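Let's walk through this model together, one local region at a time. Keep the viewer open as you read.

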Amino acid sequence: MQNIASELLLITTSLSTLKNKRQVINIFLESLNELFSGIIFHWHDFKDLKIDTYFPVATRKHTFGYIEIEGNLLNNPKQTAHLQNALQILAIILERLEQDLLLKKQRDELQKIVNRQTTDLLQKNKALGIANKELSKNNKTLKKLNKKYENEINRRKILEKKLYDSDKFFSHSIDMLCIAGFDGYFKMLNPAWEKTLGWSIKELLSKPWIYFVHPNDVEATNKIKSTIIDGHVAYQFVNRFIGKDGSVKWLSWNSFPHTKEKIMFGVARDITEFRQVEQNLKRIEWMLNPENIKRKQKENKEWESAYGDLTELNTNGLIKYSIEKSILHDLAGDYLTLLETSSAIYEKNGDYALGLFSSGWCRFLDNASRKLCNTNNNSEAINSGKWLCHESCWSDTSKKAMAEGRPVDIKCSGGINLYAVPIYAFGDIVGAINFGYGNPPTDEVSLNEIAKKYNVKVEELLELAKKYETRPPYIINLAKKRLKSSARLIGALVERKLIQDDLNKSEENALKSAALLEGVFDAIPDIIGVQDTNHNIISYNKAGYDLLNIKKGEEAGKKCFKLIGRKEPCNECASTLAIKTKKAAQIEKYVPEMKIWIEARSYPILDEKGEVSLIIEHLRDITDRKHAREKIQTLTQAIEQSPNSIIITNKEAQIEYINPIVEKISGYSKAELIGQNPRIFASGKTPEKIYREMWNTLLSGKIWQGEFQNRKKNGELYWESATISPVIDQKGNISNYLAIREDITERKRFEKELINAKEKAEESDRLKTSFLANMSHEIRTPMNSIMGFASLLPEEESRELMSQYANIIVSNSEQLVHIIDDIVLYSRLQTRLLSYIPTQFVVQELLTDVKQMFNLPEYQKTVELLIEPGELLSQKINTDYEKLRQIFTNLISNAFKYTLKGSITIGYKKIKNKSVFFVKDTGIGIPKGEEKRVFERFYRGSNVNKGHIGGTGLGLSIVQELIGLLNGEIWVESEKNKGSTFFIQLPNIMLT
């Protein structure tokens, strides 16, 4: 038999090398027919209902076919089992073959798609190269413009350098620069992060950077982070960040590790626009045709309006005065090439600085609306309000954009969109620039409306609309950006012109300003000095001469450190640091020779080669500030490290300061509490009377002390002892309130525990006294009977009476023993001397055992004890047999005691899918509302005639304690005069 199993394993193993499904099946059947003599195997692709004996070849998800068996194989279970194992392996091999074929088909399809997309991409790249050539031509125009103003810019830089040598302005990188820790948090960020993502620097620093990464890029980002931490540099890693407004930004990264400091430097560039360009490349292919661009540019240059040039009405406009018309034409033509609509540049008063019409639609409607004015005078036409295109361009968009100081985007009367941007120069609006965009309408309703408004034919409008080539949203957005750039460039050119005019005036006033600056220089109370790179002093202002007690000229050629009495340079020197770094430097240091603290700032002056030529030194005496700062720091540390909560509010009770312990105790962060009223801690448990007393005390200028029950952020209650005092300013008015609060929750809890312990001890003592009194009474009754009849026995001669007395003595002795047993058992339960000893047994055995205990004549007179039959009685369970039997014994004894006729039924069943024992009687029942009290010690029910029915009242208390030991629960359902049912549920007792 082992040989058959081995042969089947070898057969199925060899089949795994084959690649054809039918070949695998045929070889497998041939091998089976050879291996099992006297048995024939056939293959069926579909199930034949006529066949009685067959085996399916299948996985859990798919059936491949069926093998018919002719012979007595099924009489041999081991051979059948080996065959079934072989069929399972065959099914796996067939499933793998199908998966391989499917994967091969998918790979072939994917390869075709990749080849097709690669070809498309090569064609698009070629078209993009043509577009780049056109962009290069546009850049040449800008270079000419920059060349023209190069001399003016150089002159301005020279003058600015002379005027602002005392201060340096640092430009910020347009790239996103950061320093991040290996712990996953940003440490430093430049402003470009706020501009790109919308998150504030504070928000970006407060959370791990992975929080801002797009969920689909988190895994790749973490892998790159691990690579960088291992000391590798990451180049051009691309991922997505989520902006504050929910937008997605594509970033390209270069990151460099500093493993010693456990930080990394990163440079990220926003490539979202580049990604969008790639996605929309297909939509602008028609624009990449150089012939189309040349044709549009030629049309723009050759077209002239029928009414002439409106810029001739502009006599003294700032934009027209500052910038040549050809330059304005080039700036506007940059985005008109993309849009093929119209554009206008306006002065602040509405005069035209430029007007262009690139599309046939705009040209047609502009001429049509000009005719509606019924005048040959352009000024009258503009003021008539009938020139619809002018009204849309000026009144509805450009004028509104200047009034609101922001871009305006509307639907014009001609059916397309108009977008206008204000032009700023030195922060003031000097004009506006706009363009039209969007598809002309083609629906009948819109065309009829426009035709009626402009007094033209619908057919002409429809023909013009069909000629317009659609622009994708990306091109429109790009044109809007270019329009904004053009507005900024126009503003910059206006500024340059104004600067040029101002420079001419500034040169005239330079000599006058020099004398004024020297006076201002000497009026500065701080020490200002100029020195060379060897620390030789060139000059000081008046404050410097006064501090050093020298006259002007005495400092010339002397070292700065020698002027204060030193022979060697200072160890800490801002000027030395500024010379070394070529950047402004600042330090604080103590000068023992002069017994003062100074704040020294040094600013390097660079020559044309970028080398330091002079140092401007700014010194300030900060001795008093230093001492005050040290005192404040000491006090601050004391408050910050205080174990008590410290809160400072303003006079309106708004929190201005908290120390760290407040955050720890309350669960609120500092950001959540600053500006809030302390009532944020209120739980509603502290009486309003206390708050009124507190405010009456504080407003009278006195200190208040008391306790609050407050609530933490998570809803947890806690106690605080508070001392609150008003802070009085120099005028005698309350300016703030200071609260010092101590968490006394533990103290309150301890006090409550002491009170509870005291009450529990008193209750225990009362119960002990009651228990002893009850037991004394219960024991004394049978004892008195025993002692009384025992004393009569010696004097009694009648054997009949002696036998009667003896029976009474035995009965009372048994009652006394039962009472003592109950007391001992209850005592052992109370002191936890009994242990839980589980065993395995059948339910029927337990119930039968219990029933036999009550098969005595005294129990069977008028009441019958029954076991309720059921399937669960044969169930094996695991619990403490003896204690469960004791529970049944007590419950059944009680049932016999309070049941005069009828039956007592015991059993085991399921209630709500839980296994439960029960004892049911037809006795006197329990009055409503007393179902729980019957389990109290000594309580026997208000309907029990205690003179006729004996008992201590401990039986059910013992049952409850025993069930507690078994980790179970007991409850009773009862109706007065109809009987009671006690239910017992024990956890996890049923065995499978």
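**Around Ser666**

The side chain of Ser666 reaches the backbone nitrogen of Tyr668 at 3.2 Å, a polar contact (a pair of N or O atoms within 3.5 Å; within protein, one must be able to donate a hydrogen and the other to accept it, and residues adjacent in sequence count only if both atoms are side-chain atoms). This is a predicted model, where local features need pLDDT of at least 70, side-chain atom pairs count only at pLDDT 80 or more, and totals for chains, interfaces and linings use all residues. Residues are numbered from 1 along each chain as its sequence is written, and side-chain values use heavy atoms, with hydrogens and water left out.

Ser666 belongs to helix H22 (residues 660–666); helices here are DSSP runs of H or I with at least four residues, strands are E runs of at least two, and both are numbered from the N terminus. A polar atom of the Ser666 side chain also lies 2.8 Å from the backbone oxygen of Val662. With a relative accessible area of 2%, Ser666 is buried (under 20%; exposed is over 50%, partly exposed in between, with a 1.4 Å probe and protein chains only).

S11 runs antiparallel to strand S12 (residues 417–425), joined by four bridges (strands pair if DSSP finds at least two bridges between them). Five residues separate the two strands of this hairpin, and Gly415 in the turn has a positive phi of about 95°.

Finally, look at helix H28: 13 of its 18 residues are buried, so H28 is largely enclosed by the rest of the structure.
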